[in-house]
Amino acid sequence: MIQVVIVDDEVLARIGIKTFLDGKEGISVAECFSDAGEALVYLERTVVDVVITDIEMEGMDGLAFIEKIREKKLAGGIIILSSHNDFQYARKAIELKANQYILKQELTEEVLIEAVLRVQRETAGSFSNADRLPRKEGVERLEESLIAQDSLYYAAALLIPEESGERGGTINKEMLYGLLENLMRRYPFGELFRVGEEMFVLIHFAEEKGEEANHRAQIISLCEDLIENVRLYTNHRISIGLSALFRNLKDVRTQYHRAVAAAQQNFYEEESAEPYYDAECMTKDAPEGHFHTDAFLEEDGEQQFREELENFLKRCGDVNLDIEILRQTLISMISVMVYRILHGYHFPEETVRRWEQKYQYIRVISEAYEKKELVRRLDMVMCELRMELLTQLRMDEFGGVYRYVDEHMNDRISLTELAEMSCMSTAVFCKKFKERTGVTLIEYINARRIDLVKRYLGDPNRSLEEIAEETGFSSANYMVRVFKKVTGETIRDFRKTMGE
């Protein structure tokens, strides 16, 4: 891989050059700098193949920069990109042994790639750099950072949504990186880094007693400035999470992941909370929860689902549940709910297969950036499911039977009455019902009643006799026998499992 460093004080120029090169023809952009002095510090510690630089820059200009590179043998190839068609500049560049001089107004992707490849071929092996450290990616590179080792450190993770939800449009990560890079110039105690597609700021202070409160105020000011400017220029909200304080750069990887976990907690809030990580407050134990299926296809079923979802998310937020655990738990809960609805009402195999394979809710849960967005998008998916299933029931000759059974669970249900409702004789009704559902009417009724029994068993104040009466069983003993037959376990064992 050909390692390239870009130095240009114009952010759009840096972004454009990187876009032309990175990942093309075996070329990797190792780093971009707006300041030649910062680039020199980097080159003194990191091996690169080609340096691409502008000439006119604030601070150290490009010609002085090239002179330093050649003096210290910091790179093999040098390409100058300039807006000036001036022979004096070109002659000076040649004297300093720059390998190529290209006018920006004549620059194309093909021209730049060809120049990098040619310069690398011509200069490969032309300088020795064995004593310098090899380049490292992302967080690993920080372990060899030049930041003073007597510093106090924080890692601030910046989480950026792939999609904007209600805000419209997507974020151009390269443009955003340029914006953040410029903002960070205001803060000498912070440096912006990239880890793949993610970004984070390494914050560092000299270790001085009594300065903790001042550090805290400066960090909050930085975070608020980043959030406000991103909102102003992109109309998006980024989430920022801060790690715990640490003193050893070798801990930066762990602290970065903690900062990400802290930033994810903003999922629960409309606006970013104070961005500090607290391992003691965050939990990986999800609160107990499930969605009731018996009323999902009733008139207020959609409202009930939404209320149960919002209640569960609130309880997760109250205990600062880890967001990844929340996603896994919610996917499991809705998968169980959908399965029970599809199989409980014996929908046609085609409908069952289509919805069990669709899994839109998995994508919604995995991608949702904030709680409000999750509720809105998940509500749309479940509304689609509900409308399709209600349509299926209206078309099904036994749709009225299913609803009647659910509405009269604690009554005596008459086979004759159901047959008449379906305009069939009892013999024809029983035959068709078994063909349609795969079970007899009694087996179907008992299975629906046992679903209701399971729900009531979660209430310790209800006795078995009360539950039997409320679910249409003639006695508690009969309910116990049917429960064992349908579920394969006793009520006592079921309650033990619930308790665990």
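## Aromatic rings

Rings of Phe, Tyr and Trp form a pair if their centres lie within 6.5 Å. In this predicted model, Tyr 187, Phe 189 and Phe 205 make up one aromatic cluster. The structure holds 13 aromatic pairs.

A pair of rings is described by the distance of the centres and the angle of the planes. Take Phe 267 and Tyr 268. Their ring centres are 5.4 Å apart, with 85° between the planes. The pair is edge-to-face. Phe 267 is buried, and Tyr 268 is buried too.

Phe 429 and Phe 433 form another of the pairs. Their centres lie 5.7 Å apart and their planes meet at 25°. Planes under 30 degrees apart count as stacked, so this pair is stacked. Both residues belong to helix H17, which covers residues 426–437. They sit 4 residues apart, about one turn of the helix. Phe 429 and Phe 433 are both buried.

## Helices H11 and H13

Helix H11 spans residues 323–344, and helix H13 spans residues 360–367. Their axes come within 10 Å of each other. They cross at roughly 160°. Angles over 145 degrees count as roughly antiparallel, so H11 is roughly antiparallel to H13. The crossing of H11 past H13 is right-handed.

Which residues of H11 and H13 make the contact? On the H11 side they are Arg 327, Leu 330, Ile 331, Ile 334, Ser 335 and Val 338. H13 supplies Tyr 361, Ile 362, Ile 365, Ser 366 and Glu 367. Sorted by class, the contact has 7 nonpolar, 2 polar and 2 charged residues.

## Positive phi in two loops

Lys 73 has a phi near 55°. That is a positive value in a residue other than glycine. Lys 73 lies in the loop between helix H3 (62–72) and strand E4 (77–82). Is Lys 73 buried or exposed? Its relative accessible area is 54%. Exposed means over 50%, so Lys 73 is exposed.

Asn 320 also has a positive phi, near 50°, and is a residue other than glycine. The loop that holds Asn 320 runs between helix H10 (301–318) and H11. The relative accessibility of Asn 320 is 29%.

How values were computed: Residues numbered from 1 in each chain as written. Predicted model: local features only at pLDDT ≥ 70, side-chain atom pairs only at ≥ 80, totals over all residues. Heavy atoms only, no water. Axes fitted to C-alpha atoms, helices over the stretch in contact; angles between N-to-C directions. Parallel < 35°, antiparallel > 145°, perpendicular 65-115°, else oblique. Left-handed = near helix turned anticlockwise from the far one by under 90°. Contact = heavy atoms within 4.5 Å. Nonpolar A, V, L, I, M, F, W, Y, C, P; charged D, E, K, R; others polar. Phe/Tyr/Trp six-rings, centres within 6.5 Å; stacked < 30°, edge-to-face > 60°. Buried < 20%, exposed > 50% of the residue type's maximum accessible area, 1.4 Å probe, protein only.
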